[in-house]
Amino acid sequence: MLSCRFVVGLAGLLLTACEPSPDLVGCVLTGKNYLGDTDFELEAKSGKSRYWTGLQHVGKKSYQVSIADAVVSIDRTGPEPWFVYRQTLGVPELAGQLVAFTALVRLVDRPAATADRLTQPAGLKLAALGSGKLKMRAEQSLAGDHPSQEWQRLQLIARLPPETDTVRVNFYHEAYGVLQVRAPAFQSVDPASRGCAVTPVRE
């Protein structure tokens, strides 16, 4: 009997694969995406959907969020050093499991002084909490040597601690220019996967 899963190929493409064996090669993701409003449509209509929340470093308003064509754009317009656009998920059923947080991300309209190489990061962050306390966090940043207009497929793989009951997934912006994100997903990884590299955990 064949089992079908979404498979991340070497080229970074999401493919549907039917395997006759549970001994699966690569990072094989389950079909369910735990995120809501993944095209940001509800947020675009109301600006206050129950899914996405924006938060910046305390001080002068320094970031502007806009949404068009299923892409969220976060424009740094002031001096404050960081901004996160996040979704909080109650997922106690995923405690102890391997999960994947994935999105297409790029930086555009970077100032000329910073356009050659990305020295201040932007990308994905994941935090696992249990009973309101931080249990684990990890992040993946954009590669600094990519052209600024090029979409990069970022994927953060993490083993959630057994005490996890809540996960926060974040797009974080600490660079200059406009951070753009599309097609976000948070999925569990098939336990039969082999060769699925876990993202280093931050202390």
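## Charge pairs and cores

Author: Glu 41 counts as partly exposed, at 41% relative accessibility. On this scale, buried means under 20% relative accessible area, exposed over 50%, and partly exposed in between (1.4 Å probe, protein chains only). Please note that this is a predicted model, in which local features need pLDDT of at least 70 and side-chain atom pairs count only at pLDDT 80 or more, while totals for chains, interfaces and linings use all residues. Residues are numbered from 1 along each chain as its sequence is written, and side-chain values use heavy atoms, with hydrogens and water left out.

Reader: With which residue does the side chain of Glu 41 meet in a salt bridge?

Author: Side chains of opposite charge can pair when their charged atoms come close. The term salt bridge means a side-chain nitrogen of Lys or Arg within 4 Å of a carboxyl oxygen of Asp or Glu. Here the partner of Glu 41 is Lys 45, at 3.4 Å from N to O. Both residues belong to helix α1 (residues 41-46) and stand four residues apart, about one turn of the helix. Lys 45 is exposed, at 65% relative accessible area. Helices (H or I, at least four residues) and strands (E, at least two) are DSSP runs, numbered from the N terminus.

Reader: How many salt bridges does a search of the whole structure find?

Author: The search finds three. One of them joins the side chains of Lys 125 and Glu 139, at 4.0 Å from N to O. This pair links distant parts of the chain, since Lys 125 is in strand β10 (residues 122-130) and Glu 139 in strand β11 (residues 133-141), 14 residues apart. Another joins Glu 174 to Lys 125, at 3.6 Å. Glu 174 lies in the loop between β13 (166-173) and β14 (178-188) and Lys 125 in strand β10, so this pair ties together parts that are 49 residues apart in sequence. Glu 139 is partly exposed at 23%, and Glu 174 is partly exposed at 22%.

Reader: Which residues in the largest nonpolar core touch the most other members?

Author: In soluble globular proteins, nonpolar side chains tend to be buried together. A nonpolar core is a set of buried Ala, Val, Leu, Ile, Met, Phe, Trp, Tyr and Cys residues joined through side-chain atoms within 4.5 Å. The largest one here has 35 residues, of which Phe 101, Leu 126, Phe 171 and Phe 186 touch the most other members. Strand β9 gives the most to this core, five residues. Setting aside residues up to four places away in sequence, the contacts (heavy atoms within 4.5 Å) of Phe 101 include Leu 35, Leu 126, Leu 154, Phe 171 and Phe 186. A second, separate core of seven residues includes Cys 27, Leu 29, Leu 98 and Val 189.

Reader: Is Gln 180 buried or exposed?

Author: Gln 180, in strand β14, counts as buried at 13% relative accessibility. Its side chain makes polar contacts with those of Ser 73, at 3.0 Å, and Arg 106, at 2.8 Å. A polar contact is a pair of N or O atoms within 3.5 Å; within protein, one must be able to donate a hydrogen and the other to accept it, and residues adjacent in sequence count only if both atoms are side-chain atoms. Beyond its neighbours within four places in sequence, Gln 180 is in contact with residues including Val 71, Leu 104, Val 108 and Trp 151.
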